[in-house]
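Open the model in your viewer and keep the sequence panel beside it. Each stop below says what to select and what is there.

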Amino acid sequence: MSLIGPRPLLIEYLPKYNEFQRHRHDVRPGLTGYAQAHGRNTVSWEDKFAMDVWYTKHITFKEDIKIIFATINIVLKHEGISSTSSATMEKFKGTPEGVVAKWEAPY
């Protein structure tokens, strides 16, 4: 495990990943990641996976420092703790065919 990387998820989710989502496992999991620093539980599963996969392709020391500071900021402000329909985040049931992430990469 590393400091920065996609947060590990429940093992029961593994068979529910599509081919794109599996790429989040191309790097070691982390204590915090891009998705946690940019929405946490307020973004959809599809957006979280898009952020995780984007991070795996754009790992830099500068990006990791930005994620650390963004994580500290979001924790101190208590943002993103609850999703719109759950106290934390609803269970991942897989991505239905044709559903795509709404999140857009920062560059």
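Select Phe-61 to begin: in this predicted model, Phe-61 is exposed, because its relative accessible area is 68% and over 50% counts as exposed. Phe-61 belongs to helix α3, which covers residues 61-76.

**Along helix α3**

Which residues of α3 are buried? Colour Glu-63, Asp-64, Ile-67, Ala-70, Thr-71 and Ile-74, which are the buried ones. Look down the axis: these residues cover an arc of only 125° around it, so they sit on the same side of α3. Turn to the other side of α3, where Phe-61, Lys-62, Phe-69 and Leu-76 are exposed.

**Salt bridges**

Side chains of opposite charge can pair when their charged atoms come close. A search of the whole structure finds four salt bridges; the next selections visit some of them.

Stay in α3 and select Glu-63 and Lys-66. They form a salt bridge, with the closest N and O atoms 3.7 Å apart. The two residues are three apart in helix α3, so about one helical turn separates them. Glu-63 is buried, because its relative accessibility is 4%, and the limit for buried is under 20%. Lys-66 has a relative accessible area of 43% and is partly exposed.

Next select Arg-24 and Asp-52. Their side chains form a salt bridge in which the closest N and O atoms are 2.8 Å apart. Arg-24 lies in the loop between β1 and β2, while Asp-52 lies in helix α2, so the pair ties together parts that are 28 residues apart in sequence. Are these two residues buried or exposed? Both Arg-24 and Asp-52 are buried.

Then select Lys-91 and Glu-12. The side chains of this pair meet in a salt bridge with an N to O distance of 2.6 Å. Lys-91 is in the segment after α3 and Glu-12 is in the loop between β1 and β2, so parts 79 residues apart in sequence are tied together by the pair. Lys-91 is partly exposed at 48% relative accessibility, and Glu-12 is partly exposed too, with a relative accessible area of 41%.

**Two backbone angles**

Most residues other than glycine have a negative phi. Select Arg-40, which is not a glycine and yet has a positive phi of about 50°. Where is Arg-40? Look in the loop between α1 (34-37) and α2 (45-57), which is the place of Arg-40. Arg-40 counts as partly exposed, at 25% relative accessibility.

Note on methods. Residues are numbered from 1 along each chain as its sequence is written. This is a predicted model: local features need pLDDT of at least 70, side-chain atom pairs count only at pLDDT 80 or more; totals for chains, interfaces and linings use all residues. Side-chain values use heavy atoms; hydrogens and water are left out. Helices (H or I, at least four residues) and strands (E, at least two) are DSSP runs, numbered from the N terminus. Buried means under 20% relative accessible area, exposed over 50%, partly exposed in between (1.4 Å probe, protein chains only). The arc is that of the directions from the helix axis to the C-beta atoms.
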